[in-house]
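Welcome, and thanks for taking a look at this one. Please have the sequence and the model open side by side as you read the short report below.

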Protein chains: 2
Amino acid sequence: MSRKPMVRPGGRSARVQASVHTAVRDILSERGRDAVTVPLVAQRAGVTPSTIYRRWGDLQELLSDVAVERLRPDTAPEDHGDLLSDLTAWAEQFLDEMSSPSGRAYIRDALLGDPDGSNAGRCSAYAAEQIDVVLARAIGREENTPDVETAMDRVVAPMMYRILFRPAGLDAAYARRLVTELLDAGEEHPLP
Amino acid sequence: MSRKPMVRPGGRSARVQASVHTAVRDILSERGRDAVTVPLVAQRAGVTPSTIYRRWGDLQELLSDVAVERLRPDTAPEDHGDLLSDLTAWAEQFLDEMSSPSGRAYIRDALLGDPDGSNAGRCSAYAAEQIDVVLARAIGREENTPDVETAMDRVVAPMMYRILFRPAGLDAAYARRLVTELLDAGEEHPLP
DNA sequence: CACCTTAAAGCACGGTTATTGCGTTTAGGT
DNA sequence: ACCTAAACGCAATAACCGTGCTTTAAGGTG
């Protein structure tokens with residue numbers, strides 16, 4: 001019996017996908033979000049609009065797809081020797097990238113064309129993965145280490161909430177304070 | 001000298017605004033988000049499309065406007081006699097309302113048509129206001145009480161983050177746990 | 001109370017976009 | 001080298017978005 005090919009990752013398909021993605025990013029950076037339209041993306045990518053509708057089905061799904069790829073961290077968190085330094089540096093960089101106007105726009109796009117929540121879930125998984133690397137290092141150093149869920153609740157969630165709902169008055173000091181409070185709380189219940 | 005009338009709140013304008021808002025809510029609940037379009041809303045509201053463009057300028061701004069009004073709490077938090085009960089009850093109700101499919105949709109709409117972030121800021125202000133009422137009661141009872149910012153970071157932000165980015169596995173127990181952890185942390189540094 | 005000013009709503013139209021049917025190309029397997 | 005079907009290109013259609021101009025009526029004035 002023959003295997004069913006569910007998707008064609010090679011050759012023309014891959015070329016079209018890459019071309020469309022870069023076209024979307026270019027238009028976003030050059031003319032802003034409102035200028036991104038299917039015919040324009042298609043023209044810039046050297047593709048017909050119908051191709052985009054067949055592959056992505058919707059402009060918002062395409063934007064969400066591009067946004068998630070854009071928000072994926074391209075490098076592992078740096079190692080500064082201890083948990084406090086590692087988490088602080090990561091949180092500062094995260095807040096800096098995400099709170100920029102383009103960062104907020106990408107987050108909103110990722111949330112938008114996402115009926116089942118899988119794209120937004122992928123964004124959250126990226127952050128959890130990065131934090132997990134940092135925490136695993138700390139465990140290796142036998143430091144007192146919170147778990148990933150607590151770190152997400154105490155550090156990532158407050159930053160993201162403020163980025164989305166209260167974008168005024170966000171700075172690196174806020175990120176540092178969240179990390180400090182997370183680790184201080186852990187210190188009060190030291191492991192035996 | 002004469003005062004400049006900046007806006008006309010009475011008579012026809014108010015009638016049109018109410019009619020358009022209810023039309024949007026009806027279409028949202030009957031046919032879903034994708035069916036909401038300016039001509040359809042206009043037809044249902046007994047209004048011409050140009051009126052909507054003049055007043056709101058954009059479909060997303062209209063949706064954002066309706067969403068914010070829908071998310072405004074219509075009643076003060078109930079008084080259960082102590083801070084733990086009050087905050088727990090409020091958090092459970094908040095999570096229940098916001099994590100529903102329609103709640104998530106309204107939140108996304110409020111975030112969307114919102115270039116300057118004022119609508120999203122209003123949503124956050126609603127929650128802060130409700131929490132402030134609860135905390136003010138607790139202070140009146142001379143209970144040990146965290147401040148509003150801490151409560152937002154520890155309770156509201158984690159719930160909202162999970163609603164938006166990780167909608168699976170959310171229940172009242174999570175809300176209770178967040179409130180308990182917030183108040184337990186405060187108990188460790190009792191006021192003199 | 002009648003008049004005046006002007007914000008707000010209605011009307012009609014042009015331009016652009018979203019969307020689908022059908023034929024052609026080409027990737028992946030036999 | 002051939003075959004199948006997945007993916008793409010072309011073209012046409014219907015719907016929507018957005019705007020200039022006209023008409024209505026809200027709120028103030030003499």
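A:Ser64 lies in helix 4 (residues 59-71) of chain A; helices (H or I, at least four residues) and strands (E, at least two) are DSSP runs, numbered from the N terminus. With a relative accessibility of 0%, A:Ser64 counts as buried. Here buried means under 20% relative accessible area, exposed over 50%, and partly exposed in between (1.4 Å probe, protein chains only). Setting aside residues up to four places away in sequence, A:Ser64 touches A:Asp109, A:Ala110, A:Gly113, A:Asp114 and A:Asn119, where contact means heavy atoms within 4.5 Å.

## About the model

This is a predicted model, in which local features need pLDDT of at least 70 and side-chain atom pairs count only at pLDDT 80 or more, while totals for chains, interfaces and linings use all residues. Residues are numbered from 1 along each chain as its sequence is written, chains are lettered from A and ligands numbered from 1 in the order in which they are written, and side-chain values use heavy atoms, with hydrogens and water left out.

## Chain A as a whole

Chain A has 9 helices and 0 strands, so reading from the N terminus its elements run α-α-α-α-α-α-α-α-α. Of the 192 residues in chain A, 42% are buried. Among contacts in chain A between residues at least 6 apart in sequence, 68% join residues at least 24 apart.

Let's look at two residues and their surroundings. A:His21 lies in helix 1 (residues 12-31) of chain A and is buried, with a relative accessible area of 3%. Leaving out neighbours within four places in sequence, A:His21 is in contact with A:Trp56, A:Leu62, A:Asp65, A:Val66 and A:Glu69. A:His21 and A:Ala45 are 24 residues apart in sequence, with their C-alpha atoms 8.3 Å apart in space.

A:Arg44 is found in helix 2 (residues 38-45) of chain A. A:Arg44 is partly exposed, its relative accessible area being 39%. Not counting residues up to four places away in sequence, A:Arg44 touches A:Ala23, A:Asp26, A:Ile27 and A:Glu30. From A:Arg44 to A:Ser19 the C-alpha distance is 8.5 Å, and the two are 25 residues apart in sequence.

## The nonpolar core

The largest nonpolar core has 118 residues, and the members that touch the most others are A:Val20, A:Phe165, B:Val20 and B:Phe165. A nonpolar core is a set of buried Ala, Val, Leu, Ile, Met, Phe, Trp, Tyr and Cys residues joined through side-chain atoms within 4.5 Å. Beyond its neighbours within four places in sequence, A:Val20 is in contact with A:Val41, A:Ala45, A:Val47, A:Ile52, A:Trp56 and A:Leu62.

## Where the two chains meet

In all, 28 residues of chain B are in contact with 28 residues of chain A. Between them the two chains bury about 2,800 Å², 50% of it on carbon and sulfur atoms; buried area is the accessible area (1.4 Å probe) that two parts lose on being put together, summed over both. B:Asp153, B:Tyr161 and B:Phe165 supply 23% of the area that chain B buries against chain A, more than any other three residues.

There are 7 salt bridges between chain B and chain A, each a side-chain nitrogen of Lys or Arg within 4 Å of a carboxyl oxygen of Asp or Glu. A:Arg166 forms a salt bridge with B:Glu149, the closest N and O atoms being 3.1 Å apart. Helix 6 (101-112), helix 7 (118-140), helix 8 (148-165) and helix 9 (172-187) of chain B each supply at least two residues of the side of chain B that touches chain A. The largest share of that side, 12 residues, comes from helix 8 of chain B.

## A positive phi in both chains

Most residues other than glycine have a negative phi. A:Glu142, not a glycine, has a positive phi of about 60°. A:Glu142 lies in the loop between helix 7 (118-140) and helix 8 (148-165) of chain A, and at 73% relative accessibility it counts as exposed.

In chain B, phi of B:Glu142 is near 60°, again a positive value in a residue other than glycine. B:Glu142 sits in the loop between helix 7 and helix 8 of chain B, and its 74% relative accessibility makes it count as exposed.
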